Amino acid sequence: MAQATEKNYKNKNKHVILLLIMSLLAFVTTPSEGKLSEPEVLLKFRQSLKFDGDPFSTWDVNVPPCVKENNKPKWNNLFCESGKVYGLNLENLGLSGTIDLDILKDLPNLRTISVFKNKFEGSLPTLNKLPALKSAYFSNNKFSGTIDEKIFEGMNSLKKLHLANNEFTGPLPPIFGDMPNLRELNIQNNKFEGPIPPSYSHLYFPAYDGNDGLCGPPLAKPCNNEEGQKKKESSPSSGWKIALIVVVIVVVIGIIVFILINRRKKNLQQEVVLGGSSLSSSPTSQDQKLIPPSDHLNKMEQGQSSAASTPDRVSHDGGKRAEVAGQKLLFLKDDIEKFDLPDLLKASAEVLGSGVFGSTYKAALSTGPVMVVKRFRHMNKVGREDFHEHMRRLGRLSHKNLLPVIAFYYRKEEKLLVFEYVNNVSLAVYLHGNSKSRGNQSLDWPTRLKIVKGVSKGILYLYNELPSLTSPHGHLKSSNVLLTENFEAVLTDYALLPVVNAEHAHEHMISYKAPELKQSGKINRKTDVWTLGMLILEILTGKFPSNLLGKGTQDSDDLASWVNYVLEKESSSSSEEEVFDKEMKGTKDCESEMMKLLKIGLSCCEVDVEKRWDIKEAVERIEQVKEKADFFSNVATNEADNMHTSR
């Protein structure tokens, strides 16, 4: 009897324990049952949007969003990192409706969102529902009204905020100047008014263009003293707040440095560090070494090695190959054959030249097309995340007059950009090279006009697609205009200002040779127009703009000044003969159109920025130039010249 009772007691205890375990499991799993998966979150978010057609046709709940197909996430309009959704790229999809951030809160890895160039209206969504957001692009929509700074409270991770080309009104929110990590704020072409908060002084600006109601430094337009004082008193910026921010930043930096040092010590025994990338060590590969890209390219430049004679790997264990981790090229285009960095480094290579950024190589892969690799050494201050994001934006550009960026490689000390090879030479070679280098061929007038029109279309496209950049090209010169076999102009080295070290850009990039830098200390949205004008004068005269050689501007050597001087001579016919390139053929009966283009170039080089044309007007004027003028266009040109003379 006692044994039976003891047995029942034990069985009862087992049941109690089992019930407790089941209850605990239920308690642990219940919260996750209500949590949506990444596909479910994205599909629910899609339901809040309005659109024509189906820009989300690849979004399938049965397929993980970041599964790659042809080296690209299977779901379109997404940025992925480590298999998780990192960003939403909803640009130019004709979207309207609601940007439901309450749904997106369930994407824990979301760091960037872009709804650039859509049809969203009303107030901005409450962005601080995504406190970890690092970049937000809301430009080119129809957002309106005043901005409530409460929607940005607590967004301490936000680095980039683009609100350009909307209909915002009222004062600028002081909070933008107080956000600890915000460095890039684009608010141009809205209806903001009032004084600019002093706390904005550290922000990078395409600035205050298009907001005519703004006043105060750094604008030349002064504010009413009483209004400025009231704004200053109402601003939440104060000494204790700034001090607190500084203390927090210092503490955070200290913690990060401590973690990195400890991680470095721990990993040194497990990894062979390769210039920012690493080789996973194993008993069979500890003695293997891989020649870093920098070493390989350094020797190539010095003529000490060639791809055919120098192996990209040196093995000490019977020829076994180490597995490269982190040495991959990141491709931006899907319609080309993929290859790896080691394939590129062991390709048959030729140094094409060296510019202000670094060297350029022609690499013939063993299988596949010929590529051009540009090595950039003056981008070491840009972080991996910002560099990757900017390259993605460049990868989305597509225009026949732009040389597309196909792939890139990031390393802290240097970066590589990969382009397709253009089977001809640059415009500079045809204008300034010897007859042998250009195959005894000079450019006639119709070809030069074709080149100018191609360049101007490429520049206008950059302005339209990259409205956040003050100078969308930034480095326009004849050596950065490649010519195809049909003499189509193809622009290269464009849109690099955001990723080039500031001091190097100021010293070497063509935009920083513009006269406005000398006048106001900064470039503006018309600076690329000035470089276009200089290029037009160079193409027509055959003379190199010597003021682009040194630092800043040299008025005495200005090509535009020389052209004006020659044209002001008493004998107009002889002055025209002197100003145009003597090697330019095919000019018979074309003098009036040539002169029209020359005057367009001079108008683009107008020193007074207010009088200088914007890019749209410049391109429209260039498109009106013909190879040969008819009678009526000659009459119109003469009348316009007479009107100009009378004024």
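User: Which residue meets Lys596 in a salt bridge between side chains?

Analyst: This is a predicted model, in which local features need pLDDT of at least 70 and side-chain atom pairs count only at pLDDT 80 or more, whereas totals for chains, interfaces and linings use all residues. Residues are numbered from 1 along each chain as its sequence is written, and side-chain values use heavy atoms, leaving out hydrogens and water. A salt bridge is a side-chain nitrogen of Lys or Arg within 4 Å of a carboxyl oxygen of Asp or Glu. At 3.3 Å, N to O, the partner of Lys596 is Glu593.

User: Why are Lys596 and Glu593 separated by about one helical turn, and in which helix do they lie?

Analyst: Helices (H or I, at least four residues) and strands (E, at least two) are DSSP runs, numbered from the N terminus. Because Lys596 and Glu593 are 3 residues apart in one helix, about one helical turn separates them, and that helix is α17.

User: Is Glu593 buried or exposed?

Analyst: Buried means under 20% relative accessible area, exposed over 50%, and partly exposed in between (1.4 Å probe, protein chains only). Lys596, at 21%, is partly exposed. With a relative accessibility of 0%, Glu593 counts as buried.

User: How many residues apart in sequence are the parts tied together by Lys134 and Glu385?

Analyst: The side chains of Lys134 and Glu385 form a salt bridge, with N and O 3.0 Å apart. Lys134 is in the loop between β6 (121-122) and β7 (135-137), whereas Glu385 belongs to helix α9 (residues 384-395), so the parts that the pair ties together are separated in sequence by 251 residues.

User: How many salt bridges does a search of the whole structure find?

Analyst: The pair of Lys134 and Glu385 is a salt bridge, as is the pair of Lys450 and Glu488. For the whole structure, the search gives a number of 13.

User: Are α15 and α17 roughly parallel or oblique to each other?

Analyst: Axes are lines fitted to C-alpha atoms, for helices over the stretch in contact, and angles run from 0 to 180 degrees between N-to-C directions. Helix α15 (residues 559-567) packs with helix α17 (residues 591-604) at about 135°, their axes being 10 Å apart. Angles under 35 degrees count as roughly parallel, over 145 as roughly antiparallel, 65 to 115 as roughly perpendicular and the rest as oblique. The relation of α15 to α17 is therefore oblique.

User: How is α11 oriented relative to α17?

Analyst: The packing angle of α11 and α17 is about 30°, and their axes are 12 Å apart. That angle makes the orientation of α11 to α17 roughly parallel.

User: Where does Asn140 lie, and how far apart in space are Asn140 and Lys119?

Analyst: Asn140 is placed in the loop between β7 and β8 (142-145). Its relative accessible area of 21% makes Asn140 partly exposed. Asn140 and Lys119 are 21 residues apart in sequence, and their distance in space, C-alpha to C-alpha, is 8.2 Å.
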